[in-house]
Amino acid sequence: MASKRVYNFSAGPSMLPLECLEKAGSEITNFNNTGMSVMEMSHRSKVFTSILQETKAGLKGLMKIPDNYEILFLQGGATLQFAMVPMNLMSRTGKADYAITGNFSGLAYNEARKYGTCNTAADTKDRNHTYIPAQQELITDKDASYFYYCANNTIYGTEWKYIPETGDVPIVCDMSSNILSCPVDISKYGIIFAGAQKNMSPAGLTVVIIRKDLPGRQFDYTPVMLNYEVMIKKDSMHNTPPCYNIYMLGLVVKWIEQKGGLEAMEQLKKERSSLLYDFLDNSGLFKCPVEPDSRSGMNVVFSTGDNELDTRFVSEAEKAGFFNLKGHRSVGGMRASIYNAMPVEGVKKLVEFMKDFELKNK
Ligand SMILES: *Cc1c(COP(=O)(O)O)cnc(C)c1O
């Protein structure tokens, strides 16, 4: 089974740990002697309730989420949070700060402007989103309802290496593409959200971690499904939650624990990404456009500077077993997404392949 798998550098949906897929496979028709698949169970059943509670407790332990935070399992992807956040939080003062460092924070900003005044705390468009602004460059408003940023820019390959200092203004953070890749001080945040399909589970689940004092100020017209307060009260089960994805997340959480937790994930993240960046910085053919201190540990963006050669690289890489290396259409070039499930071996082999390609194409 394993031998047929390729090295999959997809940005999302992306690789899941093989052990988790195999475990899910072994239980797919009969979970824990229930005679049913998790896909076939009532979400109100005792069995599923315990899956949900175990997943929640597992995530809480793994991420060291303090007791004054709730964990929600929602749908609609990270993108629905772009609206859900302002619908629930904007009424505090009618304005919010947005740091725009790439595609997704730009989309979040555009969505939030429908619900209040959005100030641009930073905009890295001036250098094509190849860097993360420093703390002293952020323009923050102490009366903002919240400060918003995206911790890892999946498309541009940049990652924040610090948590912004915002005083009493709650921080809202999109961690879709770097959640569970290193330990995070949750207490510094108001809301953390993440679409699961990058580093947690299959597409269809959104994890939201929210400080308990924040919900309850939604606009009157807020749909019930987009009301954090309702979802907290109903423990993510106002309606049918994405049951199977919650189960898969539970398996992934256990897998990370077995590997040594988030400290171990951070170590592997460093190992994988420095293999690639060290090679890129010494290559005569490939270049990484991102400023060194802003580089993402999850999404490594690079190119040869020649579109035709890039296209040939992507197609030859695929023939050699390295899939989904084409960069996002808005950036071009290549991108290697190296989330938790990517073995270090896969990155080593990719670097060897790149070296070889360079020799042949000098
Ligand atoms: C993929 C991604 C999104 C969009 O996620 P959806 O779940 O498809 O809505 C948003 N933000 C970041 C950082 C992402 O990587």
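Which residue forms a salt bridge with K269, and how far apart are the closest N and O atoms?

Modeller: E159 is the partner of K269, with 2.6 Å between the closest N and O atoms; a salt bridge here is a side-chain nitrogen of Lys or Arg within 4 Å of a carboxyl oxygen of Asp or Glu. This is a predicted model, in which local features need pLDDT of at least 70 and side-chain atom pairs count only at pLDDT 80 or more, while totals for chains, interfaces and linings use all residues. Residues are numbered from 1 along each chain as its sequence is written, and side-chain values use heavy atoms, with hydrogens and water left out.

The domain assignment, which is automatic or taken from a database, gives domain 1 (22-257) and domain 2 (260-360), and their centres, taken over C-alpha atoms, are 27 Å apart. The contact (heavy atoms within 4.5 Å) draws 26 residues from domain 1 and 26 residues from domain 2. About 2,200 Å² is buried between the two domains, with carbon and sulfur atoms giving 52% of that area; buried area is the accessible area (1.4 Å probe) that two parts lose on being put together, summed over both. Between domain 1 and domain 2 the count is 2 salt bridges. On the side of domain 1 that touches domain 2, the elements giving two or more residues are helix 2 (46-63), strand 7 (158-159) and helix 6 (243-259), where helices (H or I, at least four residues) and strands (E, at least two) are DSSP runs numbered from the N terminus. Helix 6 gives the most to that side, with 3 residues.
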